[in-house]
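Let's take a walk through this structure together.

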Amino acid sequence: MGEVTLGHYIGLSVVLFFIGALGVLSRKNALIVLMSIELMLNAANLAFAAFARRWGQVDGHVVVIFVIAIAAVEAAIGLAILVGIFRNRQTVDLDDMTALNE
Amino acid sequence: MDAVLFWILAGLSVVGGLVVITGRNPLASALALGLVLIAIAGLFAMLSAHLLFILQLLVYAGAIIVLIVFVIMLLDLDDRRLGEMKIRWGRFGVSAAICLVACVAVLRGVRGLTGLREPVHASFGTVTDVSRLLFGPYLVQFEILGLILLVGILGAVVLAKRGG
């Protein structure tokens, strides 16, 4: 197995980020797109924590705390918008949300 | 021991992530996302980020997952609507190819990153350690964060009350 190095953590972070990006690009369900965005934010958090550990400085942890707070706000607002759209149009399908396109 | 734990957590998070983006039922995706978040909390603990470990479990695996599950149940999507949420494999395939190429390119770039300097001081990543920065050099940003949270709460309430 060998020793776990910084590259392992960053590699995992990259893989998770691109899984999230794939979700954002390919899914039509707004709920799953929101969850994919959370996944991408978490991948970035992991990279921050790994670099903080590597250089022995906790500044990275402070940034992660900021990201977690922003992610919480983003989830709350995003889900509120989603509930509002669902109430008006009975859909969470992104391809049906074309009001600005008509 | 560390390596075994890392690979278990890494495998859990990658498999969970794939379930999140391929799941047909949003509830299954939400639970898989919870698994990923808990695995990442474990990785935070391995990186001796004590405060982040607790915050990840409380805020992410606790609050955000509960919020998402709550909204999924509120929307109460029936089988007919879930049927319309099938993955379009054509679009998925093209996106997957692009992501795979980009992922491999970045991974080649980070391959040279080595070393995880072993001896960090004993208090690294504890509440005291992080707070000293959070309420010192980062105080202004921290206060702005409070403002953003307040605006977020107001926005969510206004959005959820209106309409219908």
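Keep in mind that this is a predicted model. Its largest nonpolar core has 77 residues, and among them Y9(A) and L31(A) touch the most other members. Which helices build this core? In chain A, α1 (6–26), α2 (30–55) and α3 (59–89) each give two or more residues, and in chain B so do α1 (2–22), α2, α3 (50–75), α5 (89–110) and α6 (127–134). The largest share comes from α3(A), with twelve residues. If you're wondering about the background, nonpolar side chains tend to be buried together in soluble globular proteins.

Now zoom in on L31(A). Leaving out residues up to four places away in sequence, L31(A) touches L79(A) and L82(A), and on the chain B side P26(B), V71(B), I72(B), L75(B) and L77(B).

That brings us to where the chains meet. Here, 85 residues of chain B are in contact with 70 residues of chain A. About 7,100 Å² is buried between the two chains, and carbon and sulfur atoms give 77% of that area. How many salt bridges cross this interface? The rule finds zero, though it does find six residue pairs in polar contact. On the side of chain B that touches chain A, α1, α2, α3, α5, α6 and α7 (139–161) each supply at least two residues. The largest share of that side, 13 residues, belongs to α3(B).

Finally, how confident is the prediction for chain B? Its average pLDDT is 85, and 92% of its residues score at least 70. Within chain B, confidence is highest in helix α2 (residues 26–46), with a mean of 92, and lowest in helix α4 (residues 79–83), with a mean of 63.

Key: Residues numbered from 1 in each chain as written. Chains lettered and ligands numbered in written order. Predicted model: local features only at pLDDT ≥ 70, side-chain atom pairs only at ≥ 80, totals over all residues. Heavy atoms only, no water. pLDDT = per-residue confidence, 0-100. Helix = DSSP H or I, 4+ residues; strand = E, 2+ residues; numbered from the N terminus. Core = buried A, V, L, I, M, F, W, Y, C linked by side-chain atoms within 4.5 Å. Buried < 20%, exposed > 50% of the residue type's maximum accessible area, 1.4 Å probe, protein only. Contact = heavy atoms within 4.5 Å. Buried area = accessible area lost by both parts, 1.4 Å probe. Salt bridge = Lys/Arg side-chain N within 4 Å of Asp/Glu carboxyl O. Polar contact = N/O pair within 3.5 Å; in protein donor to acceptor, adjacent residues only side chain to side chain.
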